[in-house]
Every structure is written in structure tokens, then in C-alpha cells.
Amino acid sequence: MRLDKFLKVSRIVKRRTLSKEISDASRVKVNGRVAKPGLKLKVGDIIEVTFGRTILKVRVKKLVEHVLKDDASELYEVIEESEREEE
């Protein structure tokens, strides 16, 4: 599954266009490397997303095309959520 679609389906990001934009802006890393929106994810990949000052790090648990809102959090496991230090 594509990175931008996973971010939307898992509801980490609300819209697919927004997930594409943040990926294009180099604010998403997969396994420690800056990732493009079309990157194919695998179970076990670690995604790091920067939202302003907050950094969210998750591990992919499942890849499914459609999921109910209540079940979206089952697609990933939160590893760490932290505040980015001022530069």
C-alpha cells in the first residue's frame, strides 16, 4: 500500500491530499529515510511524521484498503510521540 493512502486510511492524517503534501515537503520518514508519497509500505515499517512541533512515530501492524473509523488505530502501534526541540 502507498504511504499517502496508509496515512489516510489509518486516520493519522485526515485527507489523502494532505498526506501527499506533507510527504512531498519531506516531513515523513519511513525507516529513518525521507519518504515519497508513493512509497510501498510493508508490515513492520516505522513511520515518523512531523506535525508542526510534534513528532509521531508509529509501526505498521496491518495493511488493509478500507477500515472502519473505530478500527483504524489497529493498523498501527504508536512507538513515540514527542515535541520537537526549537532550532
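Helices here are DSSP runs of H or I with at least four residues, and strands are runs of E with at least two, numbered from the N terminus. By that rule, the protein chain of this predicted model has two helices and five strands. Their order from the N terminus is α-α-β-β-β-β-β.

Now the overall form. A compact globule with 87 residues would have a radius of gyration near 12 Å. The protein chain has 12 Å, so the two agree. Along the principal axes, the C-alpha atoms fill a box of roughly 40 × 25 × 20 Å. Buried residues make up 32% of the 87 in the protein chain.

Next, the loop between the helices. Helix H1 spans 3–9 and helix H2 spans 16–24, with Arg15 in the loop between them. Arg11 sits in the loop between H1 and H2 as well. Its backbone deserves a look: Arg11 is not a glycine, yet its phi is positive, about 65 degrees. Arg11 has 42% relative accessibility, so it counts as partly exposed.

Ser26 is another non-glycine residue with a positive phi, about 60 degrees. Its relative accessibility is 44%, and therefore Ser26 counts as partly exposed.

Notes. Residues numbered from 1 in each chain as written. Predicted model: local features only at pLDDT ≥ 70, side-chain atom pairs only at ≥ 80, totals over all residues. Heavy atoms only, no water. Rg over C-alpha atoms; globule rule 2.2 N^0.38 Å. Buried < 20%, exposed > 50% of the residue type's maximum accessible area, 1.4 Å probe, protein only.
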